[in-house]
Amino acid sequence: MKWCKEMPRKQEKNIKICPSCGTIVEKPEKTWHLTSPLPDAQGRITITIMASFTCPNCGAKWKGVLSKIKVGGQEVEIEGGAKTSKLADEEKTERPGEIIELDIDDVMNE
Ligand SMILES: [Zn+2]
């Protein structure tokens with residue numbers, strides 16, 4: 001299955017670490033989210049969770065991406081955290097809007 005391919009091993013920069021002094025700030029001062037207006041190839045919308053931090057040690061302020069959530073289709077994918085939930089197999093990609101239904105009576109009357 002495509003979705004369970006191994007994640008890249010690169011070391012993600014921890015957004016909670018103060019860029020100035022290295023203090024770990026667990027609680028963001030403020031969080032908000034940005035919703036991408038365009039769905040991706042799978043028809044999913046990406047919601048980016050942003051956060052701003054203030055270092056209690058040195059007073060530095062910074063902000064960055066806390067997490068990304070992809071919603072839509074038949075699955076929810078959360079990036080940036082340990083959680084990745086899967087609601088349904090990706091094989092089931094049929095979309096209601098793409099099904100063309102023929103009225104059998106119309107066909108028979110031709
Ligand atoms: Zn600091």
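Student: What is the mean pLDDT of the chain?

Tutor: pLDDT is the predictor's confidence in each residue, from 0 to 100. The mean for the chain is 76, and 59% of its residues reach 70 or more. Over residues 87–100 the value stays under 50. Where pLDDT is low, the predicted coordinates should not be read in detail.

Student: Which elements does the chain contain, and in what order do they run?

Tutor: Helices (H or I, at least four residues) and strands (E, at least two) are DSSP runs, numbered from the N terminus. The chain has 1 helix and 4 strands, and its elements run β-β-β-β-α from the N terminus on.

Student: What joins S2 to S3, and S3 to S4?

Tutor: S2 and S3 (residues 61–71) run antiparallel and are joined by 10 bridges; threonine 48 stands opposite lysine 68 in this pair. Their hairpin has 6 residues between the strands, and glycine 59 takes a positive phi near 85° there. S3 and S4 pair over 3 bridges, also in the antiparallel sense, with isoleucine 69 opposite isoleucine 78.

Student: What makes S1 and S4 edge strands of the sheet?

Tutor: The 4 strands form an open sheet in the order S1-S2-S3-S4, with antiparallel pairing. S1 and S4 (77–79) each have a single partner strand, so one side of each is left without a neighbour in the sheet. Neighbouring strands of this sheet are turned by 20° against each other on average, direction ignored; the axes are lines fitted to C-alpha atoms, for helices over the stretch in contact, and angles run from 0 to 180 degrees between N-to-C directions.

Student: Why is threonine 35 called exposed?

Tutor: A residue is buried if 20 or more other C-beta atoms lie within 10 Å of its own, exposed if 12 or fewer, and partly exposed in between, with C-beta atoms placed from the backbone. Threonine 35 has 10 C-beta neighbours inside 10 Å and therefore counts as exposed. Of the 110 residues of the chain, 2% count as buried.

Student: What makes Ile45 and Ile47 contacts of threonine 35?

Tutor: Two residues are in contact if their C-beta atoms, placed from the backbone, lie within 7 Å. Leaving aside neighbours within four places in sequence, threonine 35 is in contact with Ile45 and Ile47.

Student: Is asparagine 14 buried or exposed?

Tutor: Asparagine 14, found in the segment before S1, has 8 other C-beta atoms within 10 Å and is therefore exposed. Asparagine 14 and glycine 64 are 50 residues apart in sequence and 9.7 Å apart in space, C-alpha to C-alpha.

How values were computed:
Residues are numbered from 1 along each chain as its sequence is written. This is a predicted model: local features need pLDDT of at least 70, side-chain atom pairs count only at pLDDT 80 or more; totals for chains, interfaces and linings use all residues. Two strands pair if DSSP finds at least two bridges between them.
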